[in-house]
Every structure is written in structure tokens, then in C-alpha cells.
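This report describes the fold and selected sites of one protein chain. Please look at the sequence and the model before reading on.

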Amino acid sequence: MATSWNGLSSVFNLAEENYVTLITALAFTVLWLLRSGLSYFRCRNRLPLPPGNFGFPFIGQTVEHLLAMRTADGVRQWMQNQVEKHGPLFRYRFVGYPIVMMSQPEGNKFIFQNEGTSNHMFWPSHMSTLIGPQCVITQGGERHKLVRRHLNRFFDRNAMSRHIHGVNRNAIRHFTNHWQGKEQLVALDMINLYSFSIICNLALSLEEGPLMDKIMEQFHPWSQGGYCLPINFPGFCYYKALKARGLICNLLDGLMKQRRRQIAEDHVPEALQKDILNRLLTVPDEEGNFHQDSFIKDNLLFLLFSGYDTSSSTLAMTIFYIAKNPHVYKQILQEHQLIVDGKRSNGEDENVMTMEDISAMKYTWGVIQETLRLHPAVTGTYRKTVTDLEYEGYHIPKGWLLNWNNQHSHYNPKYFKDPLKFDPSRWETRPPPFTYLPFGGGAHFCLGFEFSRMSMLIFIHHLVQNYSWSLVNSSYNGPFIRDPFPRTQDKVLISVKQLISSWMF
Ligand code: HEM
């Protein structure tokens with residue numbers, strides 16, 4: 001063998017190791033040619049891939065997409081440009097993944113209706129690490145159903161009548177502690193406190209105080225991580241996000257340890273027995289398995305996250321639009337005054353809210369829905385195909401990602417007349433199915449939908465009953481930042497005036 005190597009070396013004047021390299025390179029070339037040939041013949045019999053441009057390997061449209069996602073106009077414009085170039089169904093590449101954007105209502109419906117069969121929930125691995133690999137939103141199939149059912153008892157319609165009094169108490173306390181006596185405030189910062197305290201209360205029975213502040217401090221750097229390049233190296237924002245996650249987990253560890261001790265001593269205060277932490281620690285899942293700490297932390301963390309920024313940014317933007325539209329303010333005021341008048345004439349306590357009151361806030365809900373149409377906290381997420389697909393005359397290979405998205409339909413004059421106009425009256429009628437998707441759809445439809453609806457409406461109720469407000473930068477009309485959630489540049493800086501308060505403390 002050695003001789004033949006030597007022979008060849010002398011013929012071509014090459015060293016033995018150079019031959020190994022040469023033959024390896026040849027073998028790879030032959031394999032690549034064979035593979036290309038095979039896929040050529042396979043594709044000849046197949047439908048074409050969706051139109052679009054993958055750009056450079058791995059990078060694709062990552063940088064331009066991340067830049068566009070920094071403002072509401074940027075995301076909308078990016079979508080519009082792609083649709084103009086390729087049509088509403090197009091392919092692109094983001095952090096290495098081949099993705100098919102299905103921006104039309106039919107495309108979104110196709111994704112949601114085939115979840116669990118031809119597609120599954122998917123998060124890029126850097127995002128899954130950040131969000132929590134065991135939390136409800138990163139699960140698919142049967143495992144997802146199991147986890148969702150476990151949490152659902154805190155979030156279904158029936159549960160809302162159990163939570164409403166706690167949320168209402170929190171809202172009243174929030175205005176007393178943070179709004180009373182102020183002439184000017186940054187609405188988003190204040191609302192962050194409200195949203196975080198109600199979700200901390202529901203999940204951990206935690207009240208406002210140093211521990212809640214410590215957890216909250218880490219949330220912004222953590223949630224920013226989803227919108228950074230996945231570079232886990234000091235100085236990069238993804239690295240900072242992972243570090244923030246670690247710090248929050250340490251604080252949750254402390255809380256879990258303390259609660260476990262109380263459970264072991266049969267000494268859990270009654271108020272704490274009903275929170276999500278207690279349930280996750282004491283109730284096994286339907287298969288009889290008690291949860292591991294990592295599972296509990298992932299899910300608590302995600303609930304705190306999903307209940308916080310999404311609702312805060314929506315409420316702050318709603319306040320912005322109400323201030324911009326005096327006729328909207330007038331109608332909201334009338335709606336809430338009617339609720340209070342009804343309570344007064346029935347001799348009921350006007351500081352107590354009921355689910356009937358929530359149902360009566362139809363116009364206000366339309367105002368929030370309109371805000372969410374223009375500035376959805378979440379514009380879309382991904383699912384992964386688990387089989388080759390044929391859709392609308394195109395071939396979508398197994399393993400590609402599908403992107404449901406609300407940006408094309410939310411701004412489409414076909415579904416929403418004069419789409420850039422803030423017009424809550426359009427919510428007197430329902431939009432066509434799958435055109436309005438701020439809370440997603442299908443198996444992963446927002447679990448906290450009822451809770452966020454109730455808590456946002458209660459906030460607006462107490463706000464309009466007790467304060468009038470105006471924008472400090474009254475001519476501001478953008479840019480609307482996505483950080484990653486929508487906000488104005490000044491985070492909705494407002495002047496406030498307290499009306500005669502009816503609260504009883
Ligand atoms: C304005 C407020 C909110 C908006 C716009 C919103 C939006 C969304 C969206 C779009 C999804 C679906 C994501 C997907 O399909 O990939 C989702 C899922 C979820 N949301 Fe919300 N959300 C809000 C408030 C809340 C609140 C207050 C909570 C809990 C306290 C919550 C808990 C969840 C959970 C647990 C999921 C995952 C459900 C699953 O995977 O089965 N959300 N949300």
C-alpha cells in the first residue's frame with residue numbers, strides 16, 4: 001500500500017498527505033454532484049419553491065429584518081416591500097432558517113389548522129434557550145396539550161371571576177401609590193408596574209416591594225434578547241439577556257425553596273395556596289408526575305414575561321391614542337360613567353368590579369382592539385413543517401419554517417378600510433376570520449387572553465374615572481418604536497389631572 005502511495009507521489013510529485021486531501025476533496029465533489037443531480041431530478045417532478053430570495057448563506061435577510069423590526073413602520077414597510085416584490089407568499093432566510101411567510105388570512109389559517117399534523121411549534125434554539133425549553137409555548141403536540149391544560153385552570157373564563165377582585169384591588173392601589181399627586185408621568189413606566197404586579201400576584205402571590213423590583217429590573221434586558229443576534233459572548237445583548245434570565249431564575253429558586261418549606265410544614269398562608277406556584281409545586285400533571293424545578297421555573301418565567309410587556313405596551317399605546325382623539329375619550333367616559341351610575345342606582349359598591357361590568361365595556365374594548373391592530377405586541381411567530389407540503393401551487397420542503405403574521409392583513413384596506421387611521425368604530429362589526437391576529441391562533445392561541453382583556457379594561461375604568469390626561473408632546477405622530485414591544489419615543493409622557501376620587505381605602 002505504502003509503495004503504491006509512493007509511486008503515485010513520484011508520478012505527480014505530491015506528498016502522501018496531499019493525496020489524502022486531494023482524494024477527500026474529489027470524493028466530496030462527486031457526492032455533491034450526485035446530491036445536486038438527485039435533487040434536480042426530484043425537483044423536475046415537483047412544484048416550484050415559493051418565490052423570494054434567500055440572500056447570502058446563513059445571513060439571508062437577518063440583518064435587514066432585525067433592523068426593520070425596530071419600528072412599527074419598519075416592520076410594515078418590510079412586509080409591504082416583500083409582498084410587492086414576490087406576492088403575499090414568499091420565502092426568506094432568517095438566522096440561517098429557510099422560512100415561508102404566509103401573510104394572507106388563508107395562509108395563517110392553513111398554519112393554525114394544521115398545527116400538530118403537518119407543522120409544529122418552533123423556536124430557534126437560541127430563542128428556546130432564552131424563553132425556557134420546557135415552557136408551554138416552546139412545547140408541541142401532546143406535551144403542549146398536557147402543559148396547557150395544567151395552566152388553563154388559571155386562565156379560562158371561569159377563572160376570571162376568581163381573579164377580578166384581586167386585579168381590581170391592585171388597580172386601585174396602583175393609582176393611589178403611583179399616580180396620585182403627580183402632574184406629569186411616563187405612562188409606560190407606570191403601567192409596567194401595574195402589569196407586573198398583577199401577574200406577580202397571580203403567579204407568586206408577590207406584592208410590590210424590593211423582591212418584585214429586583215425581578216422586574218432583569219426583565220427588559222431579558223426580553224430584548226429575542227431581538228438580538230444570537231452571540232453568547234460578553235458585551236453582546238444576547239449574552240446580557242441570558243445573564244438576566246439566570247438572575248431571575250436564582251430569585252425564583254429562592255421563592256420555590258421558601259414555599260417548599262411552608263408546604264412541608266403544612267404552613268402555607270391561605271392566600272398563597274391559590275397561586276400558580278403552589279399549584280405547580282403540589283399538583284402532579286395528568287400523567288401523575290410532579291414537576292421538576294426547571295419545568296416550574298420555565299413556565300413561571302414565561303407567564304411573568306407574557307403577562308407583562310405585552311399588556312403594558314398595549315395599554316400605554318391605548319392611552320396615547322385616547323389622548324390624541326378627544327371624541328374617543330368622550331365615548332369611553334360615557335361608557336364607564338354608565339357602569340358607575342348603574343351601580344349607584346342599584347345601591348352597589350362602585351369600587352367593586354364584576355364580570356358583567358367587563359362585558360359592558362364594549363366600546364373601550366374596541367379602542368384596545370384598534371390599538372392592537374395598529375401596534376400588535378407580537379407580529380408573528382414560527383412553526384416547522386414536519387412533512388413536505390404543497391400549498392397554493394408551491395412546494396414547501398420538510399424542515400422549513402412557516403411564519404404566521406398579522407402585518408399584511410392588519411394594514412390591508414381590503415379588510416380594514418383606511419387602515420392607517422385609528423378608528424375604534426370599525427369594531428362595531430367583526431373583521432373576516434384570520435385577518436386580525438394580535439393574540440395568535442390555533443393550539444397556541446394566547447392563554448392569557450381573558451386575563452389581559454380583564455386587567456386592561458379595569459385599568460382604563462379607574463383611569464377615566466379618576467384622571468384626565470394629555471400628551472406632553474401633543475404633536476407626536478411617530479416613529480413608533482418596537483423595543484421589542486411598541487411604544488412612542490417618550491414612552492407616552494403625559495400631564496395628568498386628578499378628578500374627584502370615589503375610592504375608599
Ligand atoms: C395584550 C396582551 C397580550 C398579547 C398581545 C398576547 C399575544 C400572544 C400571542 C400572539 C401568542 C401566541 C404566540 C404563538 O402562537 O406563537 C400568545 C401566547 C401566549 N400568551 Fe399572550 N398575549 C398577551 C397577554 C398575555 C397575558 C396577560 C398572559 C398571561 C398572564 C399571556 C400568556 C400567554 C401564554 C401562556 C401563551 C402561550 C400559549 C401556548 O403556547 O399554548 N399572554 N400571546
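The sections below cover the model, its sheet, the ligand shell and a few individual residues.

## Basis of the model

The structure is a predicted model, in which local features need pLDDT of at least 70 and side-chain atom pairs count only at pLDDT 80 or more, while totals for chains, interfaces and linings use all residues. Residue numbers start from 1 along each chain as its sequence is written.

## Overall layout

The protein has 19 helices and 12 strands. Along its principal axes, the C-alpha trace spans about 105 × 60 × 40 Å.

Of the 505 residues, 36% are buried. Here a residue is buried if 20 or more other C-beta atoms lie within 10 Å of its own, exposed if 12 or fewer do, and partly exposed in between, with C-beta atoms placed from the backbone. Among contacts with a separation of 6 or more, 71% are between residues 24 or more positions apart. A contact requires that the C-beta atoms of two residues, placed from the backbone, lie within 7 Å.

## The five-stranded sheet

An open sheet is built from 5 strands in the order β1-β2-β8-β5-β3, with mixed pairing. β1 and β3 (119-122) are the edge strands; each has a single partner strand, so one side of each lacks a neighbour in the sheet. From one strand to the next the twist averages 35 degrees. Axes for such angles are lines fitted to C-alpha atoms, for helices over the stretch in contact, and the angles run from 0 to 180 degrees between N-to-C directions.

Strands count as paired if DSSP finds at least two bridges between them. β3 and β5 (residues 380-385) run antiparallel and are joined by 4 bridges. In one of these, Asn119 has Thr385 of β5 as its bridge partner.

## The ligand shell and Cys446

The ligand has 22 residues around it, and those that come nearest are Gly307, Thr381, Gly440, Cys446 and Gly448. Two or more shell residues come from each of α13 (293-306), α14 (309-324) and α19. α14 contributes the most, with 3 residues. A residue is counted as near a molecule or strand if its C-beta atom, placed from the backbone, lies within 6 Å of it.

Cys446 is listed by UniProt under "binding site" in an unreviewed entry. UniProt positions follow the numbering used here, feature names are shortened, and annotations may be inferred rather than shown by experiment. Cys446 lies in the loop between α18 (407-410) and α19. Cys446 counts as partly exposed because it has 19 C-beta neighbours inside 10 Å. Outside the four places on either side in sequence, Cys446 is in contact with Phe439 and Gly440.

## Helix α19

How far apart are the end C-alpha atoms of helix α19? They are 26 Å apart, which agrees with the 26 Å that 18 residues (449-466) should span at 1.5 Å a residue. The expected span is 1.5 Å times one less than the number of residues. The helix is mostly covered, with 15 of its 18 residues buried.

## Backbone exceptions

One joins Gly478 and Pro479, with omega about 5 degrees, and Pro479 is in the loop between β9 (467-471) and β10 (481-482). Another joins Asp483 and Pro484, with omega about 0 degrees; Pro484 sits in the loop between β10 and β11 (486-487).

Positive phi values occur in residues other than glycine. Val95 has phi near 35 degrees and lies in the loop between β1 (89-94) and β2 (97-102). Phe434 has phi near 65 degrees and lies in the loop between α18 and α19. Is each of these residues buried or partly exposed? Val95 counts as partly exposed because it has 18 C-beta neighbours inside 10 Å, whereas Phe434, with 21, counts as buried.

## Asn278 in helix α12

Asn278 belongs to helix α12 (residues 276-282). With 18 C-beta neighbours inside 10 Å, Asn278 counts as partly exposed. Not counting residues up to four places away in sequence, Asn278 touches Arg259, Val268, Leu272 and Gln273. Asn278 and Trp78 are 200 residues apart in sequence, and their C-alpha atoms are 45 Å apart in space.
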